[in-house]
Amino acid sequence: MKFAFIKEDRIVSIVLATDVQELLPLPAIYHNVIELTGLVPEPQLGWIFQNNVFINPLNSEHSSTLSNKKITRLAFLNR
């Protein structure tokens with residue numbers, strides 16, 4: 001099973017373990033640990049965990065530090 005360590009509402013580490021008990025006690029620097037097994041799409045490092053939902057920062061309007069390089073089809077054809 002894959003588990004994500006959450007710190008300041010972001011995934012900062014992903015580990016493999018057979019049971020959550022192997023990960024306890026949770027180090028004080030992490031706020032939460034969440035099982036990722038079976039989630040589609042599977043959250044990756046840097047994803048935001050907010051209101052019990054994983055958000056990809058590349059597809060989020062909240063991300064001001066990460067630039068989104070996607071352009072529309074029309075813009076691509078007219079370049």
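Buried means under 20% relative accessible area, exposed over 50%, and partly exposed in between, with a 1.4 Å probe and protein chains only. The model on screen is predicted: local features need pLDDT of at least 70, side-chain atom pairs count only at pLDDT 80 or more, and totals for chains, interfaces and linings use all residues. Residues are numbered from 1 along each chain as its sequence is written, and side-chain values use heavy atoms, with hydrogens and water left out.

Start with the whole protein, coloured by pLDDT, the predictor's confidence in each residue from 0 to 100. The average is 81, and 82% of the residues score at least 70.

Select residues 10-16, strand β2, where mean confidence is highest at 93. Within strand β2, pick S13. S13 counts as buried because its relative accessible area is 18%. Leaving aside residues up to four places away in sequence, S13 touches F3, A4, F5, Y30 and L45; contact here means heavy atoms within 4.5 Å.

Next, select residues 62-68. There pLDDT stays under 50, and the model has five contacts beyond four places in sequence for this stretch. Then move to helix α1, residues 73-77, which has the lowest mean confidence among the elements, 73.

Finally, show the surface. The protein exposes about 6,100 Å², of which carbon and sulfur atoms supply 55%; areas come from the Shrake-Rupley method with a 1.4 Å probe, and for residues only the protein chains shown count as cover. Of the 79 residues, 25% are buried.

How values were computed
Helices (H or I, at least four residues) and strands (E, at least two) are DSSP runs, numbered from the N terminus.
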